[in-house]
There are 2 protein chains.
Amino acid sequence: MTSGILLLLLLGVCLAATYDERYLEVPLDHFSISKSTFKLRYLVYEQDYVKGGPTFFYCGNEADVKVFVENTGFLFDIAPVFNALVVFAEHRYYGASLPFAASTFSNAANMRYLTTSQALADFVLVIDQITGKYYRTMLTDDTYPVVAFGGSYGGMLAAWLRMKYPHAVIGAVASSAPVLQHQVPCYLFYQVVTNSFAKYDNCSAWIGESWRLLRNLSNSDSGKRNISAIFKLCKPLKTELDLSKMIDWLGDVYVDMAMVNYPYPTNFVTELPAHPVKAFCDKMRSFVKVNETAGLLDALAEALQVYTNATGRKSCNRYDTTPNDPVQYAWDYQACVELVMPMCSTERDMFEEATWDLGNYSKECYGRYGVGSPRPDSINLKYGGGNLRYASNILFTNGLMDPWSSGGVLSNISETVLSILIPDAVHHYDLRGAHATDSHDVIEARNAIVSTIKKWLRL
Amino acid sequence: MTSGILLLLLLGVCLAATYDERYLEVPLDHFSISKSTFKLRYLVYEQDYVKGGPTFFYCGNEADVKVFVENTGFLFDIAPVFNALVVFAEHRYYGASLPFAASTFSNAANMRYLTTSQALADFVLVIDQITGKYYRTMLTDDTYPVVAFGGSYGGMLAAWLRMKYPHAVIGAVASSAPVLQHQVPCYLFYQVVTNSFAKYDNCSAWIGESWRLLRNLSNSDSGKRNISAIFKLCKPLKTELDLSKMIDWLGDVYVDMAMVNYPYPTNFVTELPAHPVKAFCDKMRSFVKVNETAGLLDALAEALQVYTNATGRKSCNRYDTTPNDPVQYAWDYQACVELVMPMCSTERDMFEEATWDLGNYSKECYGRYGVGSPRPDSINLKYGGGNLRYASNILFTNGLMDPWSSGGVLSNISETVLSILIPDAVHHYDLRGAHATDSHDVIEARNAIVSTIKKWLRL
């Protein structure tokens with residue numbers, strides 16, 4: 001089980017819409033007195049803005065902000081309806097918003113300002129800058145129609161932005177935001193992933209069986225060579241640690257496929273066909289022999305290409321995560337020092353059984369970053385956990401086929417803190433641009449979001 | 001005009017009630033990742049607590065927390081009505097809650113964690129500790145009846161605590177809390193002080209006249225000696241700077257008298273008789289000659305003893321503030337780097353005319369602390385300024401004779417963010433213990449506070 005599952009693990013992108021790339025000088029530390037600042041990037045899309053319209057403010061999450069522009073088409077789809085200005089703010093320590101440039105990740109002292117509180121305070125300054133420019137009003141004024149949006153971790157930030165700074169945004173649309181992940185039972189996440197694969201024949205059972213086969217085969221050196229060949233591993237298995245890493249990698253692949261199981265081809269996390277889970281399971285079925293166990297690993301390796309090699313250009317598979325990838329490194333840091341999300345799997349899941357052990361987790365974190373993990377409920381002290389009854393104007397949306405829905409707000413809290421459930425949707429689906437294959441449920445959810453925003457804006 | 005007028009300038013105290021003095025290890029920095037901690041003091045009063053009762057949590061402000069215990073008798077008066085536990089938490093950098101012990105104030109690096117955000121986060125941890133101990137519930141639970149209280153700057157903290165951490169306290173009583181001081185017209189504060197003295201004959205006019213006399217007389221060395229003798233100054237006036245300091249000192253004395261113009265003798269800021277403003281003005285009247293100008297300074301010096309020498313034991317007056325007083329030093333730092341409160345006086349006031357100049361103010365701050373002042377509205381970015389419509393369960397109380405009411409919330413904001421005005425009350429009056437001379441208005445205000453708390457607690 002990897003330490004920090006990226007809420008979104010993302011590819012590079014190319015942006016179609018015209019934008020203005022700006023930078024705002026923000027304090028490195030908003031909560032203690034310091035003179036240090038750095039440049040935070042934000043992107044401004046003016047094409048649909050008409051004076052008097054609101055600002056749609058996307059709270060950037062754990063990647064280059066352009067990735068979210070490319071995968072949050074919903075904002076651009078509805079901007080003309082509202083005459084809205086669209087702004088995407090980058091999260092500090094990602095993309096081009098690195099506080100210490102090339103040495104941002106080189107030591108613990110430089111990393112320590114990577115927290116949700118600091119990120120939210122950055123966003124408030126960008127909003128102040130934007131409203132100053134477009135509306136020439138103070139934040140204290142009544143006429144600052146800024147609506148926060150965010151998906152995944154960005155959705156958590158959008159909800160928290162509204163909770164902590166209700167004077168800065170009139171409401172928040174928080175899509176696929178696992179704000180309760182730290183406090184729900186640790187097995188829920190992998191349960192949803194399992195459900196996703198269980199819809200297709202024996203698919204989850206095949207995967208469930210594969211771990212035992214891998215463990216058995218790997219007991220001998222020839223078996224290890226065998227596995228390495230079957231799965232075309234770039235670095236052949238040598239040690240038990242290698243095997244563990246390979247098993248973690250497979251688990252992450254299944255999680256990713258479940259998260260972005262969109263009904264059309266995407267390249268959000270990697271190049272993928274429509275319905276990747278179905279494509280994977282279909283392929284497995286076609287390869288699995290009558291005697292299921294015999295050719296199971298070969299079938300698995302073949303089917304995996306749906307995820308690992310959609311382009312057909314990849315010669316081998318890397319199972320060890322690249323420790324130098326700054327996005328993964330930064331996110332793992334966050335998952336270690338603040339956003340601890342306990343995860344485990346039981347014998348009912350298609351994953352290897354794994355318990356949650358905060359002590360071990362914290363020790364691993366300490367080894368990597370020189371800082372251990374807080375108790376998981378410490379995030380409650382900051383944001384209140386499930387106690388949202390004093391918040392207002394937050395719309396949580398969750399696709400029930402999204403593993404992260406396990407930590408979502410799945411029912412209405414009050415008249416203004418609402419939850420929309422989208423039965424067939426996966427991660428971040430409702431924030432994507434409209435598509436011919438969108439289900440009725442997704443279209444309805446998007447309409448409900450628009451109605452709710454209109455209510456906030458008194459339109 | 002002094003840079004940072006202490007909201008409360010306080011004497012030592014002796015505590016009557018029995019309390020438990022405790023310390024909680026809190027992070028030095030709640031918002032960035034750090035392993036440093038220090039011990040925050042809090043006092044617990046159990047005598048009226050009955051299981052099931054709420055906690056009354058006083059948000060300590062800029063002094064030793066015991067000062068507030070001694071001058072916030074209201075909490076102890078009403079604790080038996082609610083079976084309440086009473087807790088007074090100390091503000092970091094004051095009293096016994098010094099993060100770096102003896103070297104807390106020795107350099108800018110050690111001072112930088114003295115901010116409102118850090119103080120509020122400290123309080124949340126103390127509340128978590130208290131509720132864990134007494135209620136054995138999580139903060140996320142619905143049953144954590146903690147009511148925040150605070151007076152003056154502590155009242156600002158109580159209101160902000162409820163705004164930022166509504167899951168931690170069910171409501172906040174914010175007495176004499178100038179949460180808008182940074183954004184109201186800068187002359188309001190001294191206007192209220194002037195009104196306070198104007199109630200008694202020519203008292204404010206006499207004071208208004210005194211500045212010119214002092215300036216004129218001080219033009220010669222013999223005049224300076226004269227003034228020094230009349231006012232029994234410990235350090236005779238030598239320079240223009242000395243005179244400025246002496247004038248600032250006189251201004252501060254008038255402000256203090258107006259703030260704590262209680263109808264009975266107190267020792268909140270210093271040993272004072274009942275109605276000190278009246279006592280001062282009465283004394284002036286009895287000394288002022290028929291030709292008012294001639295003996296005005298002598299009369300003033302005599303009358304000043306109401307404030308400076310109620311005990312009759314003082315041999316001389318210190319007009320230069322003691323720069324080594326840690327309370328004044330810490331508060332000035334806060335007034336410089338975060339809580340900038342623009343103040344000025346006009347020709348309508350009894351003070352010397354003075355303009356507000358952020359540039360100069362900031363330069364002075366830079367000279368003292370190595371950090372300049374932010375723009376005054378930057379506090380709005382954090383707390384929303386007057387935009388309180390999304391807050392809930394906050395009760396602002398203001399005495400209209402309190403100079404700090406100039407920055408108070410003086411009207412209801414919503415059904416749950418309420419304002420009580422007490423026409424004849426001064427600073428922090430309603431939070432004081434019941435007294436035989438309490439006016440009908442004050443008693444009524446206290447009853448309204450009790451009713452409001454009962455509503456919050458659904459009693």
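Which side chains meet in a salt bridge at 3.8 Å, N to O? The side chains of B:Arg318 and B:Asp320 form this pair, a salt bridge being a side-chain nitrogen of Lys or Arg within 4 Å of a carboxyl oxygen of Asp or Glu. B:Asp320 is buried at 19% relative accessibility, where buried means under 20% relative accessible area, exposed over 50%, and partly exposed in between (1.4 Å probe, protein chains only).

The structure is a predicted model, in which local features need pLDDT of at least 70 and side-chain atom pairs count only at pLDDT 80 or more, whereas totals for chains, interfaces and linings use all residues. Residues are numbered from 1 along each chain as its sequence is written, chains are lettered from A and ligands numbered from 1 in the order in which they are written, and side-chain values use heavy atoms, with hydrogens and water left out.

Over all chains, the structure holds 40 salt bridges. One of them joins the side chains of B:Asp20 and B:Arg22, with an N to O distance of 2.8 Å. B:Asp20 is partly exposed, its relative accessible area being 31%, while B:Arg22 is buried at 13%.

A further salt bridge links B:Arg368 to B:Asp332, the closest N and O atoms lying 2.8 Å apart. B:Arg368 belongs to helix α13 (residues 358–369) of chain B and B:Asp332 to helix α12 (residues 326–337) of chain B, so the pair ties together parts that are 36 residues apart in sequence. Helices (H or I, at least four residues) and strands (E, at least two) are DSSP runs, numbered from the N terminus. B:Arg368 is partly exposed, with a relative accessible area of 37%, whereas B:Asp332 is buried at 5%. In chain A, salt bridges that share partners join A:Glu21, A:Arg41, A:Asp64, A:Lys66 and A:Glu90 into one network.

The axes of α12(B) and α13(B) come within 10 Å and cross at roughly 135°; axes are lines fitted to C-alpha atoms, for helices over the stretch in contact, and angles run from 0 to 180 degrees between N-to-C directions. The two helices α12(B) and α13(B) are therefore oblique to each other, given that angles under 35 degrees count as roughly parallel, over 145 as roughly antiparallel, 65 to 115 as roughly perpendicular and the rest as oblique. On the α12(B) side, the contact (heavy atoms within 4.5 Å) is made by B:Tyr329, B:Asp332, B:Tyr333, B:Ala335 and B:Cys336, and on the α13(B) side by B:Tyr361, B:Cys365, B:Arg368 and B:Tyr369. By class, this contact has 7 nonpolar, no polar and 2 charged residues; Ala, Val, Leu, Ile, Met, Phe, Trp, Tyr, Cys and Pro count as nonpolar, Asp, Glu, Lys and Arg as charged, and the others, Gly among them, as polar.

In chain A, the axes of helix α12 (residues 326–337) and helix α13 (residues 358–369) likewise come within 10 Å and cross at roughly 135°. The helices α12(A) and α13(A) are therefore oblique to each other.

Burial was also examined within individual helices. In helix α6 (residues 188–198) of chain B, the buried residues are B:Phe189, B:Tyr190, B:Val192, B:Val193, B:Thr194, B:Ser196 and B:Phe197. The elements covering the buried residues of α6(B) include α7 (203–217), α9 (240–259) and α10 (276–287) of chain B. In chain A, A:Asp242 lies in helix α9 (residues 240–259) and is buried, with a relative accessible area of 6%. Not counting residues up to four places away in sequence, A:Asp242 touches A:Lys235, A:Pro236, A:Leu237 and A:Tyr319.
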